[in-house]
Amino acid sequence: LIYSFVTIAQLKAQLPNSDVWLFSYSNKLEKYTFSNGANISSHQGYDNQPSFSKDGNLLLYTSERDSSQTDIFCYSINKGTKTSKFQTKVSEYSPEFFTSLNNYFSAVVVEEDSSQRLWIYDLSCNDANCKKSELAFPAVKNVAYSRWLNDSIVFLSLLPEPMTLYIANRKTKVIEKCASNINRSMAIYQQKNNTAFLYTQLQSDSTFAIQALNTSGTQVPNFKPIKMIEGSLDFSIDKLGHIFMASGTKLFIWTIGKSKEWTEVGDFASEGLHKITRISISPDGKHIAIVDNPK
């Protein structure tokens with residue numbers, strides 16, 4: 001987690017060694033295939049928080065390189081190349097595309113005064129002081145994570161811990177509380193004309209469960225909370241409603257509206273992975289990005 005009111009040096013000391021892996025992904029007749037695995041970050045240190053573009057061709061992730069802070073990198077799946085974005089004197093985390101044209105993305109920035117605010121960047125601009133860069137919500141200084149519903153509405157998890165979930169509108173500037181005691185993993189699930197926001201919340205028995213809100217930030221009727229796999233904090237969802245979680249090197253799924261238990265669909269030990277944490281699935285359903293924490 002990103003913590004508030006700590007120095008950049010303290011943040012650096014807390015960052016685990018991690019790698020971003022990319023696999024081709026397909027699901028035909030409920031047979032799941034993961035192939036062509038590659039460590040696309042390929043460097044010693046912290047590489048984490050992968051997030052795909054809307055068309056699935058680009059992948060943003062957070063990386064700590066030859067400096068005392070983290071920066072955002074962009075990997076082109078079609079070209080097989082990566083470029084750094086906005087190498088600054090402060091740390092950027094949690095990158096996310098939020099427009100269908102892939103021209104803008106957001107990131108949580110740990111600023112020099114330790115504020116954590118959500119900034120918006122033009123992907124084509126490599127200057128951190130680019131005039132097109134702007135604060136999404138200038139007055140909100142304790143952002144930990146975000147998930148965009150569209151180019152105007154975003155869900156924000158705010159510090160301190162346990163975090164609180166808000167829904168915020170860039171156009172109206174209205175910010176409303178949605179839930180308490182949440183964790184870091186969030187996802188948007190779109191099915192035909194229905195859209196839901198999924199998030200993780202601490203339960204009364206001290207376990208975490210996946211909950212659902214509608215686009216106005218209220219609970220989805222008749223959605224039964226899905227208990228998360230013990231010891232796991234992260235999930236992702238594909239366009240067919242399959243929720244993915246991991247335990248160790250194994251990947252599991254839960255199909256919304258159908259499953260009664262988590263089902264194993266893959267083991268990445270043979271690929272050399274050790275402990276899977278964050279997962280991201282491309283909107284086109286063709287790729288899956290996996291964060292591995294080596295021993």
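**Pockets, sheet and salt bridges**

Me: Which residues lie nearest the centre of the largest pocket, and how many line it?
Reply: This is a predicted model. Its largest pocket is lined by 33 residues, and those nearest the centre are Arg147, Met186, Ala187, Ile188 and Ser280.

Me: What volume does the largest pocket have?
Reply: The space in the largest pocket is about 900 Å³.

Me: Which strands supply at least two residues each to that lining?
Reply: They are β3 (47-52), β7 (91-97), β11, β14, β18 (236-237) and β22 (276-281). The largest share comes from β14, with seven residues.

Me: How does the lining of the largest pocket divide into nonpolar, polar and charged?
Reply: There are 16 nonpolar residues, nine polar and eight charged.

Me: Back to Arg147. What does Arg147 form a salt bridge with?
Reply: Its partner is Glu96, and the closest N and O atoms are 3.4 Å apart. The pair links distant parts of the chain, as Arg147 is in strand β11 and Glu96 is in strand β7, 51 residues apart.

Me: Is Glu96 buried or exposed?
Reply: Glu96 counts as buried because its relative accessibility is 5%, and the cut-off for buried is under 20%. Arg147 is partly exposed, with a relative accessible area of 24%.

Me: How many salt bridges does a search of the whole structure find?
Reply: The search finds six. One of the six joins Arg147 to Glu96. Another salt bridge is formed by Arg117 and Glu111, whose closest N and O atoms are 2.9 Å apart.

Me: Are Arg117 and Glu111 buried or exposed?
Reply: Arg117 is buried, with a relative accessible area of 15%. Glu111 counts as buried as well, at 13% relative accessibility.

Me: And Lys250, which side chain does it meet in a salt bridge?
Reply: Lys250 meets the side chain of Glu264, at 3.9 Å from N to O. Lys250 is partly exposed, with a relative accessible area of 32%, and Glu264 counts as partly exposed at 40% relative accessibility.

Me: Second largest pocket now. What is its volume?
Reply: The second largest pocket has a volume of about 550 Å³. Its lining has 23 residues, and Tyr189, Gln191, Phe223, Ile256 and Gly257 lie nearest the centre.

Me: Which strand gives the most to that lining?
Reply: That is β15, with four residues. The strands that each supply at least two residues to the lining of the second largest pocket are β14, β15 (194-202) and β20 (250-255).

Me: How does the lining of the second largest pocket divide?
Reply: It has 12 nonpolar, eight polar and three charged residues.

Me: β14 keeps turning up. Which strand order does the open sheet of seven strands have?
Reply: The order is β11-β12-β13-β14-β15-β16-β17, and the pairing is antiparallel. The edges are β11 (143-148) and β17 (226-227), and each has a single partner strand, so one side of each lacks a neighbour in the sheet.

Me: How many bridges pair β13 with β14?
Reply: Strand β13 (residues 163-169) and strand β14 (residues 175-191) pair over five bridges, in the antiparallel sense. Ile167 stands opposite Glu176 in β14.

Me: Changing topic, how many disulfides does the count come to?
Reply: The count comes to zero disulfides.

Me: Are Cys74 and Cys178 buried or exposed?
Reply: Cys74 is buried, with a relative accessible area of 7%. Cys178 counts as buried too, at 18% relative accessibility, since the limit is under 20%.

Me: Last one, Ile120. Where is its place?
Reply: Ile120 is in strand β9 (residues 116-122). Ile120 is buried, with a relative accessible area of 1%.

Me: How far apart are Ile120 and Glu134 in space?
Reply: Their C-alpha atoms are 5.3 Å apart, while in sequence Ile120 and Glu134 are 14 residues apart.

Definitions and conventions:
Residues numbered from 1 in each chain as written. Predicted model: local features only at pLDDT ≥ 70, side-chain atom pairs only at ≥ 80, totals over all residues. Heavy atoms only, no water. Buried < 20%, exposed > 50% of the residue type's maximum accessible area, 1.4 Å probe, protein only. Pairing = 2+ DSSP bridges. Disulfide = S-S within 2.5 Å. 1 Å grid on protein atoms, 1.4 Å probe; cavity = no way out; pocket = protein on both sides within 12 Å on 5 of 7 lines; lining within 4 Å. Points joined across faces, edges and corners; volume = space filled by probe spheres on them. Nonpolar A, V, L, I, M, F, W, Y, C, P; charged D, E, K, R; others polar. Salt bridge = Lys/Arg side-chain N within 4 Å of Asp/Glu carboxyl O.
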